[in-house]
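Me: I would like to learn how to read cavities, pockets, cores and salt bridges in a structure. Please take me through them with one example.

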Amino acid sequence: MSAATNLENPVLLIEGVSKTYASGTVALQPVDLAIRRGEIFALLGPNGAGKTTLINIVCGIVTASAGHVTVAGHDAVRDFRQARRLVGLVPQELNVDMFETVLATVTFSRRLFGRSGHAAYIEQVLRDLSLWDKRHAKILELSGGMKRRVLIAKALSHEPDVLFLDEPTAGVDVALRRDMWGLVHRLRERGVTIILTTHYIEEAEEMADRVGVIDRGRLLLVEDKAALMAKLGRRSLTLALDRPLAALPEGLAGWPLVLEEDGHRLRYDIAGDDRTAALLAELATLGIGFSGLETHRSSLEDIFVSLVGRPEVASAA
């Protein structure tokens with residue numbers, strides 16, 4: 001078992017899962033991944049990376065070419081019904097009957113998984129998503145944002161232990177994004193495990209406990225967010241110089257410094273110990289003045305781009 005699956009009693013265990021289509025296209029190389037119960041896991045990757053393919057395999061929509069998926073101890077193939085009841089999916093595409101009402105749609109979805117009506121629970125879900133006042137409206141009468149809320153309500157209708165959010169806030173309004181992430185926090189407090197793909201990297205940076213980066217069907221890394229930021233994140237200090245420098249003086253040899261903007265700015269890349277105070281003292285000794293300074297710390301987006309070499313994060317795979 002790889003380091004990626006080295007977790008005790010994970011709620012979701014993916015072992016050697018791959019997907020090759022009949023055409024020969026390799027959509028997913030062997031993936032090993034373990035998800036902790038109650039965590040928020042962000043899966044990031046550009047277009048065609050394999051994010052949605054992996055999610056669809058776990059949810060039983062796509063058949064894996066190899067490997068095994070276990071949900072809370074239930075094999076996703078041999079014990080399909082029980083495993084699938086534990087999983088909710090908010091897909092990218094709208095897949096509802098446009099002529100049904102909101103309440104009927106969500107109630108029907110719950111019963112598909114063998115759950116009783118439980119009107120009180122469904123009412124709470126609809127209220128959490130600001131859909132209760134629209135419960136008797138037909139789906140076709142709703143705005144795009146409201147239709148997205150219905151997809152979320154459907155995914156939650158059967159009270160899943162694991163919830164997949166495949167680009168849940170792509171192209172929706174700010175109000176829905178705010179409601180969505182508020183709901184994610186409440187679900188997490190109840191012990192629901194959240195796995196999300198998103199092209200809003202700032203959301204992943206704010207919300208996730210761990211981050212996985214996938215590209216060209218290969219899982220590049222899985223890391224606790226804080227550890228990832230500490231290991232791959234960079235800090236720098238940039239000084240606006242009083243007078244431009246044509247080259248770094250000999251007294252600054254050995255320092256991790258870079259001249260920028262034709263010598264008007266000096267960047268100090270901080271690695272390991274922060275020796276900013278010593279650097280400023282050395283600049284004063286050499287008579288190099290500056291009129292301003294700014295600091296920068298790598299974001300999760302910077303790290304993502306450095307790993308996959310492409311700046312865009314996709315909404316599909």
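Me: Into how many nonpolar, polar and charged residues does the lining of the second largest cavity divide?

Reply: First, a word on the source: this is a predicted model, where local features need pLDDT of at least 70 and side-chain atom pairs count only at pLDDT 80 or more, while totals for chains, interfaces and linings use all residues. Residues are numbered from 1 along each chain as its sequence is written, and side-chain values use heavy atoms, leaving out hydrogens and water. For the classes, Ala, Val, Leu, Ile, Met, Phe, Trp, Tyr, Cys and Pro are nonpolar, Asp, Glu, Lys and Arg are charged, and the others, Gly among them, are polar. The lining you ask about has 5 nonpolar, 1 polar and 1 charged residue. Its members are V58, C59, G60, A76, F80, A83 and R84.

Me: How is a cavity told from a pocket, and how many cavities of 30 Å³ or more does the structure hold?

Reply: Both come from a 1 Å grid over the protein atoms alone: in a cavity a 1.4 Å probe fits but cannot get out, whereas a pocket is an open set of points with protein on both sides within 12 Å along at least five of seven lines; lining residues have an atom within 4 Å of a point. Points are joined across faces, edges and corners, and the volume is the space filled by probe spheres set on them. Here there are 2 cavities of 30 Å³ or more. The lining of the largest cavity is made up of 11 nonpolar residues, with no polar and no charged ones.

Me: Which element gives the largest share of the lining of the largest cavity?

Reply: Helices (H or I, at least four residues) and strands (E, at least two) are DSSP runs, numbered from the N terminus. With 3 residues, α1 gives the largest share of that lining. For α1, 8 of its 8 residues are buried, where buried means under 20% relative accessible area, exposed over 50%, and partly exposed in between (1.4 Å probe, protein chains only). Among the buried residues of α1 are L54, I55 and V58, and these three also line the largest cavity. G60, with a positive phi near 80°, follows α1.

Me: Which residues lie closest to the centre of the largest pocket?

Reply: The largest pocket has about 570 Å³ of space. It is lined by 27 residues, with L89, P91, N95, L151 and K154 closest to its centre. By class, this lining has 13 nonpolar, 8 polar and 6 charged residues, and α3 supplies the largest share, 5 residues. The second largest pocket holds about 250 Å³. Nearest its centre are I57, V62, A64, A76 and V77, out of 14 lining residues.

Me: What about the nonpolar cores: which residues touch the most other members of the largest one?

Reply: In soluble globular proteins, nonpolar side chains tend to be buried together. A nonpolar core is a set of buried Ala, Val, Leu, Ile, Met, Phe, Trp, Tyr and Cys residues joined through side-chain atoms within 4.5 Å. The largest core has 44 residues, and L126, L156, L163, L165, V184 and I194 touch the most other members. Helix α5 (residues 144-156) contributes the largest share of this core, 7 residues. Another core, of 29 residues, lies apart from it and includes V31, V58, V69 and V71. Taking contact as heavy atoms within 4.5 Å, L165 touches V90, M180, W181, V184, I194, I195, L196 and T197, not counting residues up to four places away in sequence.

Me: And how many salt bridges are there?

Reply: Side chains of opposite charge can pair when their charged atoms come close. The rule is a side-chain nitrogen of Lys or Arg within 4 Å of a carboxyl oxygen of Asp or Glu, and the count comes to 13. One joins D128 and R186, at 4.0 Å from N to O. That pair links distant parts of the chain, with D128 in helix α4 (residues 119-128) and R186 in helix α6 (residues 174-189), 58 residues apart. Another joins R267 and E260, whose closest N and O atoms are 2.5 Å apart.
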